[in-house]
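Subject: The two-chain model, with notes

Hi there,

Have a look at it first, then read on.

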Amino acid sequence: MTDISQSGPVLAADGTPLKRSLARALRMQKLRALMLIAPLLLFILVTFILPVADMLFRSVENRIVQDTLPQTVEALADWDPASGQLPEEAVFAAMAADLQIAARAKTHTKVAKRLNYENPGVSSVFRKSGRKVSKWDLAADGPFREKLIEIDDGWGDVELWRTIKTYSGSVTSGYFLNAVDMQLGAEGPEIRPENERIYNTMLIRTMRMSLIITFSCILLGYPVAWILANLPARKANLLLILVLLPFWTSLLVRTSAWKILLQQQGVINDTLVWIGLVDDANRLVLINNELGTIIAMTHILLPFMILPMYSVMQTINPSYLRAAKSLGATDWTAFWRVYFPQTVPGIGAGSILVFILAVGYYITPALVGGTKGTFISNLIAYHISTSGNWGLGAALGAILLAVVLLLYWVYDKVVGIDNVKLG
Amino acid sequence: MSALPPYATVGQRTWHYTFRVICGLVFFFLIAPIVVIIPLSFNAQDFFTFTPEMLRLDPEGYSLKHYRDFFNNDSWQSAMWNSLKIAPMATIVSVTFGTLAAIGLSQPHVPFRRAIMAILISPMIVPLIISAAGMYFFYSRIGLQGTYIGVVLAHAALGIPFVIITVTATLVGFDRSLTRAAANMGADPVTTFFRVQMPLILPGVISGGLFAFITSFDEVVVVLFVGSAGQKTLPWQMFIGLREQISPTILAVATILVAISIMLLATVEMLRRRSERLRGMSPG
């Protein structure tokens with residue numbers, strides 16, 4: 001080869017410039033990797049991401065008022081609720097027409113139920129009127145204002161019309177406001193009266209109990225992780241099985257074990273009475289309260305705290321402690337100033353993991369929590385399966401999801417999702 | 001922590017032993033609730049506590065009646081069969097998709113790797129009640145709510161993060177030149193995969209599959225929402241049993257499930273140690 005060929009671009013075997021050839025190979029590689037991932041990504045998207053998105057959408061979706069009462073919504077557009085006056089006859093006529101169609105299609109009860117979430121009492125007004133209005137002759141039977149008020153004085157209440165107008169949009173912040181114990185009043189969002197605030201209490205209780213559980217896990221998990229990391233490998237592996245067995249045991253099994261052990265006639269109370277610590281007449285109430293939930297969930301989540309702590313402690317060089325002591329530190333100083341700071345990443349990883357898992361727990365609080373020890377998840381489940389207020393359930397779910405995703409993001413920054421280890 | 005040095009002071013000695021006692025108590029807390037239900041399940045009475053006969057180790061106090069109950073009761077039996085029909089199918093789906101994707105993810109150049117990983121791991125992070133509610137709404141729309149396929153798909157989605165995590169962890173130690181060597185000798189990609197790569201990552205795939213299996217086998221929240229009476233699984237039946245009228249049969253079921261978990265744990269541990277030994281990461 002002469003010097004001339006080196007001055008031009010370097011060529012690959014097939015004559016294309018090497019740079020372009022490499023770029024193409026890289027592109028092919030990326031494409032192949034993506035092709036392998038694509039089926040799963042699609043699968044997760046359809047079976048998981050879309051359902052969650054669907055639920056989030058329900059927390060703001062509010063088409064029902066517009067769809068069921070289209071003429072009323074249009075007629076109400078010019079009405080000013082701040083005036084304190086009832087809407088004009090045209091609005092009542094529109095309502096009568098809408099109600100007639102809705103009652104015949106039997107959809108008036110649905111819109112009534114929706115509006116009842118915001119203004120208790122609306123439901124009965126709609127139900128009562130629906131049957132009668134469906135028999136009216138819309139062309140002849142006016143004026144409708146007096147006729148409707150005659151059926152139920154609810155129609156003469158400005159609040160009812162204000163509620164309809166407020167919730168006539170196709171999206172609403174109403175469910176979210178409800179979920180944080182607020183409501184859409186005449187002048188925008190306002191805080192509910194003290195005796196109606198339940199969701200904030202629930203959210204705070206969930207957070208507080210999750211924090212207690214996380215903290216108990218740190219307290220119980222730290223010594224165990226330490227002893228596992230500092231014993232000879234053979235012994236440590238044996239003891240590790242004692243941590244992994246609960247981890248692998250069915251959640252229902254562990255919850256039923258606690259339900260059986262914590263009963264007033266259960267093994268724990270029997271033992272305490274037998275030892276003489278507790279009087280037979282005053283057996284401890286350990287279940288169906290906050291304490292029951294905390295004990296059972298600490299037990300269930302403890303392995304998730306021990307495993308990350310253990311993997312961090314394994315990497316700490318024991319000679320640091322010896323060096324500290326040889327420099328004159330007491331046992332406590334050596335531990336607190338030298339060893340403990342190195343274990344903080346493990347504590348952080350474990351705590352976030354335990355907290356994320358705890359705030360979303362449903363089964364254990366439902367079974368051992370009674371009424372005092374339930375979590376926000378139990379309330380979501382109640383709204384979705386029992387009360388039928390899906391929008392509110394979805395809004396509460398969205399708030400819970402936001403909390404969890406925020407923590408997940410922190411976890412990713414601190415630990416990295418690639419470093420999640422199992423067993 | 002190893003042995004105490006001979007010059008340790010009294011205080012140090014006391015702390016050394018106190019610390020061991022504390023650790024012992026925590027281990028006891030971890031394991032006792034699971035161990036206690038095993039003898040209780042052989043109770044001859046319908047009690048949830050040890051009877052005086054049991055404490056005297058009198059054979060009269062023990063019986064297999066709760067186990068007989070479990071095997072003769074129709075609702076427990078159908079629940080068990082439903083679980084055994086759903087979990088393996090969900091496992092197959094998540095292992096197939098998950099392994100392919102894990103291989104894709106461990107290629108050297110993957111665009112948006114972090115984002116993709118975050119999406120694939122999300123079923124493990126999102127609280128189950130939210131997944132369950134979302135799936136309930138969405139699967140009702142597309143007609144999968146209350147069907148066998150719906151439950152299998154939902155459980156497969158929940159199991160996928162575990163497969164992804166274990167298989168990508170195994171692939172970290174995989175020597176890429178082996179596939180190149182195979183290709184060099186004329187093997188096509190499919191042959192290379194089944195004859196070279198698959199046998200080497202098999203332990204990771206199996207333990208991922210076991211994780212996916214146990215996820216589905218233990219799952220109750222999603223199946224409560226997505227399933228109907230025809231898909232009532234063992235955990236569902238246990239949940240009902242615990243919430244309503246708690247019968248001692250549940251102890252027998254729990255003991256059987258503990259035995260299954262011990263077997264699964266043993267398998268996973270064996271596989272993990274084998275692959276670590278092969279990679280020369282640990283001597284034992």
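For the cut-offs, a residue is buried if 20 or more other C-beta atoms lie within 10 Å of its own, exposed if 12 or fewer, and partly exposed in between, with C-beta atoms placed from the backbone. B:Phe112 sits in the loop that joins helix H4 (74-105) to helix H5 (113-125) of chain B. Its phi is positive, near 55°, in a residue other than glycine.

Some housekeeping before the rest. This is a predicted model, in which local features need pLDDT of at least 70 and side-chain atom pairs count only at pLDDT 80 or more, while totals for chains, interfaces and linings use all residues. Residues are numbered from 1 along each chain as its sequence is written, and chains are lettered from A and ligands numbered from 1 in the order in which they are written. Helices (H or I, at least four residues) and strands (E, at least two) are DSSP runs, numbered from the N terminus.

How confident is the predictor?

The model scores ipTM 0.86 and pTM 0.85. pLDDT is the predictor's confidence in each residue, from 0 to 100. Chain A has a mean pLDDT of 85, with 96% of its residues at 70 or more. For chain B the average is 88, and 96% of the residues score at least 70. Among the elements of chain A, helix H11 (residues 199-230) has the highest mean pLDDT (93) and helix H1 (residues 3-7) the lowest (53).

Domains

The domain bounds come from an automatic or database domain assignment. Chain A is divided into domain 1 (19-55), domain 2 (63-171) and domain 3 (199-419). The centres of domain 1 and domain 2 of chain A, taken over C-alpha atoms, are separated by 51 Å. Chain B is divided into domain 1 (10-61) and domain 2 (74-246), and their C-alpha centres lie 36 Å apart.

Where the chains meet

Two residues are in contact if their C-beta atoms, placed from the backbone, lie within 7 Å. By that rule, 78 residues of chain A are in contact with 77 residues of chain B. Helix H2 (residues 18-58) of chain A gives the most to the side of chain A that touches chain B, with 21 residues. By class, that side has 53 nonpolar, 16 polar and nine charged residues. Here Ala, Val, Leu, Ile, Met, Phe, Trp, Tyr, Cys and Pro count as nonpolar, Asp, Glu, Lys and Arg as charged, and the others, Gly among them, as polar.

Two helices of chain B

Helix H6 (residues 128-141) of chain B is largely enclosed by the rest of the structure, because 12 of its 14 residues are buried. Among them are B:Leu128, B:Gly134 and B:Tyr139. What covers the buried residues of H6(B) includes H2, H19 and helix H20 (390-414) of chain A, together with H5, H7 and helix H10 (221-226) of chain B. Just after H6(B), B:Gly143 takes a positive phi of about 75°.

Helix H7 (residues 148-172) of chain B is mostly covered too, with 21 of its 25 residues buried. H7(B) has a kink of about 35° at B:Gly159, shortly before the proline B:Pro161. The bend at a residue is the angle between axes fitted to the seven residues ending there and the seven starting there.

A:Ile376 is in helix H19 (residues 376-387) of chain A. With 28 C-beta neighbours inside 10 Å, A:Ile376 counts as buried. Not counting residues up to four places away in sequence, A:Ile376 touches A:Met202, A:Leu203, A:Thr206, A:Leu396 and A:Leu400.

A:Lys106 lies in the loop between helix H5 (89-104) and helix H6 (108-118) of chain A. A:Lys106 counts as exposed, with 10 C-beta neighbours inside 10 Å, and has a positive phi of about 60° although it is not a glycine.

A:Arg20 is found in helix H2 of chain A, and counts as exposed with 12 C-beta neighbours inside 10 Å. A:Arg20 and A:Trp79 are 59 residues apart in sequence and 68 Å apart in space, C-alpha to C-alpha.
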